[in-house]
Every structure is written in structure tokens, then in C-alpha cells.
Amino acid sequence: MDQSNRVSSLKQRLAGRNLYLIGMMGCGKSSTGPHLADLLGYAFIDSDQLIEKVSGRSIPEIFQEDGEIEFRNLEKQVLNVIGQRHSLVVATGGGLVTIPENWGILHQGIVIWIDPGRERLLARIQADAGKRPLLETQSPVTSFDELHTARQQFYAEADMHLHVGEVSEKEVAMKIIESLPSILSDPAAPGAPQTIEE
Ligand code: S3P
């Protein structure tokens, strides 16, 4: 089967289900998502960008003015709106998975955990310092490590766990396309995502 037949057979099996990209800040959800959407002919949405658009404020401003709880409320509302649409690739904020109600929406689609591992995540986060309110602390690395550890259990709810190395976002997107058929024909047991080594 050539690439375009593979993609159209995959689209048929997805039947419009959304693809939700989850993972820690810096894992590449927002940069991989548009490539994945392009390959599938899906639209791309970034939940953080939508929050900024509807609230008219940046994420750091929302955290600073209203705090994390209010941010999570906005995030939940935005996800509910996204969940009413179909044929989307959605880049989610790194902490969206920690709110149990959000899983009602996520599990209507296919959930993909992008996981470059601690060292790569730290390097990327340090490269764009200032954009991550939860790491604006005395010790950003300690704060990162605490979140990273506490969130593993939530990310592990994904349908696919993709370990990524030093590859381009386009290659990550292609790997997801390549791995999706096995997820669709052999859904992992709850709590046991299918692990893909890139
Ligand atoms: C957050 C991650 C951010 C953003 C907000 C909170 C988190 O998104 O939603 O700063 O709790 O990990 P990215 O994962 O896109 O950086």
C-alpha cells in the first residue's frame, strides 16, 4: 500500500476521532501537531492558544492574575468546546491530564503521549525560559522534576506512549501515523498504553 492509501485507510478507521497529544511542557506537542494534522488532512488546535484567544490574555498573565485553579477552569471549558468537534489534532497543555473530568473528553479520541525523556525536556524548557508559570520558582529544575514525577500516572492513561529521541517533529508525526493502525486494531488495556520506541 502506498502512503496515500495508508493514510486514507487510517482516516477511515479513525472515523473522525480527534487525536489528543499529551505530555510534559516542552515535549513537542505544539510543534508536532501541525505536521500530524497535515499528514491526515485534519485541522490543528492548540488548547493553550485557544485559551489565550478566548480570554484575551497570555497564559503567564492568567496564572499571575487569577492563579492555576482559574486557568484549569478555562482549560476545561476550552477542552469541552474542542471535544464537540471532530477530525482534529489537539495539542494539550501539559497539566490538562491532571483533571479527571478532562478524561471524559480525551477518551472519546485517541490519546498520544509524546515523551522525549527528562534530559531533552529540561534542555528545551531552559531554552525558552519565562513562558512556563509553573517553573517560575526558586528552583525550576526541582519544580519540573516534581511535576514530571507526579504526572507520569496521568500520561500513562494514554493509548500510545511514544518515546522520542533526537528527531524532527515531522518524523515524530510520521511515526505516529505509522503506529496508529496497531493502536486501532489492538487497543491497549486501560492503564497500559502501547509503547512505541522511535
Ligand atoms: C502547563 C503547561 C503549559 C500551559 C501552562 C500549564 C502545565 O502548556 O498549559 O503553562 O501545567 O504543565 P505546554 O505543555 O504547552 O507548555
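Okay, let's start with a crossing: helix 6 passes helix 7 in a right-handed way, where right-handed means the near helix is turned clockwise from the far one by less than a right angle, and left-handed means anticlockwise. Quick housekeeping: this is a predicted model, so local features need pLDDT of at least 70 and side-chain atom pairs count only at pLDDT 80 or more, while totals for chains, interfaces and linings use all residues. Residues are numbered from 1 along each chain as its sequence is written, and side-chain values use heavy atoms, with hydrogens and water left out. When I say helix or strand, I mean DSSP runs numbered from the N terminus, H or I with at least four residues for helices, E with at least two for strands.

Back to that pair. Two packed helices are described by the angle between their axes and the distance between the axes. For helix 6 (residues 118–127) and helix 7 (residues 140–155), the axes come within 12 Å and cross at roughly 135 degrees. The axes are lines fitted to C-alpha atoms, for helices over the stretch in contact, and angles run from 0 to 180 degrees between N-to-C directions. That makes helix 6 oblique to helix 7; the cut-offs are under 35 degrees for roughly parallel, over 145 for roughly antiparallel, 65 to 115 for roughly perpendicular, and oblique for the rest.

Who meets whom? On the helix 6 side we have Arg 118, Leu 121, Leu 122, Ile 125 and Gln 126, and they meet Val 141, Phe 144, Asp 145 and His 148 in helix 7. By class, that contact has five nonpolar, two polar and two charged residues. Here Ala, Val, Leu, Ile, Met, Phe, Trp, Tyr, Cys and Pro count as nonpolar, Asp, Glu, Lys and Arg as charged, and the others, Gly among them, as polar. Contact, by the way, means heavy atoms within 4.5 Å.

Next pair: helix 2 (residues 29–40) and helix 8 (residues 169–185), with axes that come within 8 Å and cross at roughly 50 degrees. So helix 2 is oblique to helix 8, and this crossing is right-handed. The residues meeting here include Leu 36 and Leu 40 from helix 2, and Ile 176 and Ile 177 from helix 8. The class count for this contact is eight nonpolar, three polar and two charged.

Those names come back in the largest nonpolar core. It has 55 residues, and Leu 19, Leu 36, Leu 40 and Ile 176 have the most contacts inside it. A core here is a set of buried Ala, Val, Leu, Ile, Met, Phe, Trp, Tyr and Cys residues joined through side-chain atoms within 4.5 Å.

So, Leu 40: buried or exposed? It's buried, at 1% relative accessible area, where buried is under 20%, exposed is over 50%, and partly exposed is in between, using a 1.4 Å probe and protein chains only. Not counting residues up to four places away in sequence, Leu 40 touches Val 7, Leu 10, Lys 11, Leu 14, Leu 19 and Ile 177.

Last stop, some loops. Ala 15 sits between helix 1 (3–14) and strand 1 (19–22), with a positive phi near 50 degrees despite not being glycine. Ala 15 is exposed, at 65% relative accessibility. Gly 109, in the loop between helix 5 (102–106) and strand 4 (110–115), is buried at 7%.
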